[in-house]
Amino acid sequence: MATSLGANTYNRQNWEDADFPILCQTCLGENPYIRMTKEKYGKECKICARPFTVFRWCPGVRMRFKKTEVCQTCSKMKNVCQTCLLDLEYGLPIQVRDTGLQIKEDMPKSDVNKEYYTQNMEREIQNSDGTRAVGLLGKAPSSSDMLLKLARTTPYYKRNRPHICSFWVKGECKRGEECPYRHEKPTDPDDPLADQNIKDRYYGINDPVADKLLKRASTMPRLDPPEDKSITTLYVGGLGDSITDTELRNHFYQFGEIRTTTIVQRQQCAFVQFATRQAAELAAEKSFNKLIINGRRLTVKWGRSQAARGKEKDRDGLSELGMKLEPVPGLPGALPPPPSSEEEAPANYFNLGPSTSPAVMNIALPPPPGITNPPPPGFGPPMFHSMGSMGPPPPPPLSMRPPGHIHYPSQDPQRMGAHASRHGGS
């Protein structure tokens with residue numbers, strides 16, 4: 001303890017007296033009508049060890065009583081709640097907030113240096129208007145994408161629940177339902193979240209809750225720009241039927257000059273093409289997972305080049321509209337590619353064997369008048385003569401052909417009905 005309440009040598013002008021604490025909405029509770037007790041110079045601040053006014057209240061029914069832990073000067077230096085020491089704007093630990101804003105403020109921890117640093121910060125707080133934070137936090141950028149994604153937008157009143165009844169854990173609690181503590185199974189004592197320290201949280205070091213949130217932020221989806229620098233188009237999905245071209249232009253025009261805006265109503269999406277790559281990257285960074293138009297949360301992605309889109313469609317079997325096509329069973333495979341030259345292409349158009357000679361057809365015509373016994377088919381003179389002396393010989397008759405050279409089912413003598421019809425006609 002650096003100083004005590006009864007020390008006469010301490011400068012009592014630095015003791016803090018306030019009319020109302022600096023609290024977040026979660027610690028204050030959901031009931032707008034609460035009763036607080038005020039104890040002037042009740043305790044020492046757990047950071048600067050100076051006496052300050054302590055407030056104590058109950059945030060709601062079946063909740064535990066809460067009180068302020070640090071003085072208002074330490075609270076204003078870090079812009080945190082006096083009770084839970086979480087950031088008042090985002091509801092996050094100081095370590096997560098400083099990491100998101102990329103600031104690092106090393107506060108002194110020894111008694112003399114801490115007192116000197118606190119007095120200088122008090123002087124800066126008195127000279128400010130009270131609307132902005134002081135120190136490095138006041139000079140930091142206003143917001144961060146990581147903080148906006150991790151920020152708690154609604155109060156978490158579950159944090160105000162009573163502690164676990166130690167007698168119930170040992171099986172010795174006799175109060176029953178009147179016990180003001182929780183009758184629940186305690187968490188694992190080896191859990192890192194069970195080892196929390198108020199000073200580590202304030203200084204932003206070794207905070208298990210902050211480590212958990214930072215690991216969650218590292219695994220969150222990100223929209224990385226493509227390597228192809230010629231891509232300046234963003235894909236906007238989930239438009240619905242109410243969002244128009246003018247509303248899209250009104251949002252994206254703040255990031256740079258827009259070249260074209262194309263809305264595909266059938267797919268409920270749009271393509272916004274910027275004039276420069278820098279404007280497209282800025283629009284993607286500011287709109288990814290944060291774009292809301294007419295109450296609809298829209299999806300923002302990078303567009304793809306025509307060459308990459310064609311390769312992906314060929315590989316994935318996608319149609320022109322981007323739908324996945326399943327292969328139909330029973331269909332023949334794709335035709336082979338044509339030969340590169342005409343010399344490689346065989347002239348076999350009927351899939352005939354290499355030893356098979358083309359047959360010359362004999363057409364059986366009615367005999368001329370005066371001939372009573374016409375020759376049987378296959379023994380008469382051919383109706384079509386060869387093109388020259390070097391032409392192929394005429395085919396033998398059907399009965400004299402060797403087996404195996406049958407090209408049509410009607411020429412097969414073993415076919416059902418062929419033998420009977422021949423004998424029946426003779």
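The side chains of R277 and E281 meet in a salt bridge, with 3.1 Å from N to O. Both residues belong to helix α11, where they stand 4 residues apart, about one turn of the helix. The model is predicted, and it holds 14 salt bridges. The points below take up these charged pairs, then the strands and a helix, and lastly the confidence of the prediction.

- R277 is buried, because its relative accessible area of 11% is under 20%.
- E281, its partner in the salt bridge, counts as partly exposed at 30% relative accessibility.
- In general, an α-helix has 3.6 residues a turn, so residues three or four places apart point the same way.

- A salt bridge joins the side chains of E122 and R50, at 2.6 Å from N to O.
- This pair links distant parts of the chain: E122 is in helix α4 (residues 111-127), R50 is in the loop between β1 (36-44) and β2 (51-57), and the two are 72 residues apart.
- E122 is buried at a relative accessible area of 17%, and R50 is buried at 3%.
- The side chains of E184 and R161 also meet in a salt bridge, at 3.9 Å from N to O.
- Here too the pair links distant parts of the chain, 23 residues apart: E184 is in the loop between α7 (166-169) and α8 (198-203), while R161 is in the loop between α6 (145-150) and α7.
- E184 counts as partly exposed at 35% relative accessibility, and R161 is partly exposed at a relative accessible area of 28%.

**A salt-bridge network**

- Salt bridges link D17, D19, K38 and K40 in a network.

**The annotated span**

- The unreviewed UniProt entry lists residues 159-186 as "domain: C3H1-type".
- In the model, the end C-alpha atoms of residues 159-186 lie 15 Å apart.
- The span is 14% helix and 0% strand.

**The sheet of β1, β2 and β3**

- An open sheet of 3 strands runs in the order β1-β2-β3, and its pairing is antiparallel.
- β1 and β3 stand at the edges with a single partner strand each, so one side of each has no neighbour in the sheet.
- Between β2 and β3 the antiparallel pairing extends over 2 bridges.
- W57 has K66, in β3, as its bridge partner.

**Strand β4 and its partners**

- Strand β4 (residues 233-237) is largely enclosed by the rest of the structure, because 4 of its 5 residues are buried.
- β4 is joined to strand β6 (residues 269-274) by 5 bridges, and the two strands run antiparallel.
- T233 has Q273, in β6, as its bridge partner.
- β4 also pairs with strand β9 (residues 299-302) in the antiparallel sense, over 4 bridges.
- The bridge partner of L234 in β9 is W302.

**Helix α10 and its surroundings**

- L248, H251 and F252 are the buried residues of helix α10 (residues 245-252).
- Seen down the axis of α10, these buried residues fall within an arc of 85°, so they line one face of the helix.
- T246 and N250 are exposed on the other side of α10.
- The cover over the buried residues of α10 includes β4, β5, β6, α11 (277-287) and β7 (292-293).

**Residue T261 in strand β5**

- T261 lies in strand β5, which spans residues 258-264.
- T261 counts as buried, because its relative accessibility of 16% is under the 20% cut-off.
- Leaving aside neighbours within four places in sequence, T261 is in contact with D245, L248, R249, F271 and V272.
- L248, one of these contacts, is among the buried residues of α10.

**Confidence of the prediction**

- The chain averages a pLDDT of 78, and 69% of the residues score at least 70.
- Confidence in the chain is highest in strand β3 (residues 66-67), at 95, and lowest in helix α13 (residues 418-425), at a mean of 50.
- Where pLDDT is low, the predicted coordinates should not be read in detail.

Terms used:
Residues numbered from 1 in each chain as written. Predicted model: local features only at pLDDT ≥ 70, side-chain atom pairs only at ≥ 80, totals over all residues. Heavy atoms only, no water. Buried < 20%, exposed > 50% of the residue type's maximum accessible area, 1.4 Å probe, protein only. Contact = heavy atoms within 4.5 Å. Pairing = 2+ DSSP bridges. UniProt positions renumbered as here; feature names shortened; annotations may be inferred. pLDDT = per-residue confidence, 0-100. Arc of directions from axis to C-beta. Salt bridge = Lys/Arg side-chain N within 4 Å of Asp/Glu carboxyl O.
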